[in-house]
Amino acid sequence: MSNDRPIPVGIYQLLQDFECPAASVRVFRLEGERDAVGSHVHRRSAQVYVALRGTVMVDVDGVETVLAPYQALAVWPGEGHSASAVGGEAVLMNISVPPLRADDQVAVAHTADSPDLRLPREGGDIED
């Protein structure tokens, strides 16, 4: 593993941090509502998040997706994202291609959008 690994964003236990020339894999334990992968963005790496144990909510650019064990979600470079456990402890894996580097990960300060600037979610409707 290279010394050029990113500093953790958020509060969680890092169980595994594996790197090879083509990809990197991180496995996290989120211990209830106090732990979370903080909001951040990657400049180069695409990621696949996979819930391994428990239920995980992944927010990608304001769209929340709940993952049950063995469900996966892609996060593309430039998309702001975060993750948190739903209802107790969870274990989450992410696979980064190319391998995640320290200069590829940037923390994002969360600012709430004004309600009149939010787009409706899928299946939603725009009020007149």
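**A guided tour**

Guide: Asp61 counts as exposed because its relative accessibility is 51%, and exposed means over 50% relative accessible area, buried under 20% and partly exposed in between, with a 1.4 Å probe and protein chains only. The model is predicted: local features need pLDDT of at least 70, side-chain atom pairs count only at pLDDT 80 or more, and totals for chains, interfaces and linings use all residues. Residues are numbered from 1 along each chain as its sequence is written, and side-chain values use heavy atoms, without hydrogens and water.

Visitor: Where is Asp61 found, then?

Guide: Asp61 lies in the loop between E5 and E6. These two strands form a hairpin with 2 residues between them. Asp61 is not a glycine, yet its phi is positive, about 50 degrees.

Visitor: How many bridges join E5 to E6?

Guide: There are 5 bridges between strand E5 (residues 46-60) and strand E6 (residues 63-67), and the two run antiparallel. Strands count as paired if DSSP finds at least two bridges between them. Met57 has Val66 in E6 as its bridge partner.

Visitor: Stepping back, how many helices and strands does the chain have?

Guide: The chain has 9 strands and 0 helices. Both are DSSP runs numbered from the N terminus, helices (H or I) of at least four residues and strands (E) of at least two.

Visitor: And which strands does E8 join?

Guide: E5 runs antiparallel to E8, with 13 bridges between them; here Tyr49 has Asn94 as its bridge partner. E3 is also antiparallel to E8 and is joined to it by 8 bridges, with Val25 partnered by Ile95. Strand E4 (residues 36-42) runs antiparallel to E8 as well, through 3 bridges, and Ala36 stands opposite Ser84.

Visitor: What share of the residues in the chain is buried?

Guide: Of the 128 residues, 39% are buried. Residues 24 or more positions apart account for 68% of the contacts with a separation of 6 or more, where contact means heavy atoms within 4.5 Å.

Visitor: A new topic: how many aromatic pairs does the search find?

Guide: The search of the whole structure finds 1 aromatic pair. The ring centres of Tyr12 and Phe28 are 4.7 Å apart and their planes stand at 85 degrees, so the pair is edge-to-face. Rings of Phe, Tyr and Trp (its six-membered ring) pair if their centres lie within 6.5 Å; planes under 30 degrees apart are stacked, over 60 edge-to-face, and the rest tilted. Tyr12 lies in the loop between strands E1 and E2 and Phe28 in strand E3, 16 residues apart. Both Tyr12 and Phe28 are buried.

Visitor: Is Glu19 buried or exposed?

Guide: Glu19, in strand E2, counts as buried, with 16% relative accessibility. Its side chain makes a polar contact of 2.3 Å with that of Arg101. A polar contact is a pair of N or O atoms within 3.5 Å; within protein, one must be able to donate a hydrogen and the other to accept it, and residues adjacent in sequence count only if both atoms are side-chain atoms.

Visitor: Which peptide bond is cis?

Guide: The bond from Val97 to Pro98 is cis, with omega near -5 degrees. Pro98 sits in the loop between strand E8 (81-97) and strand E9 (105-107).
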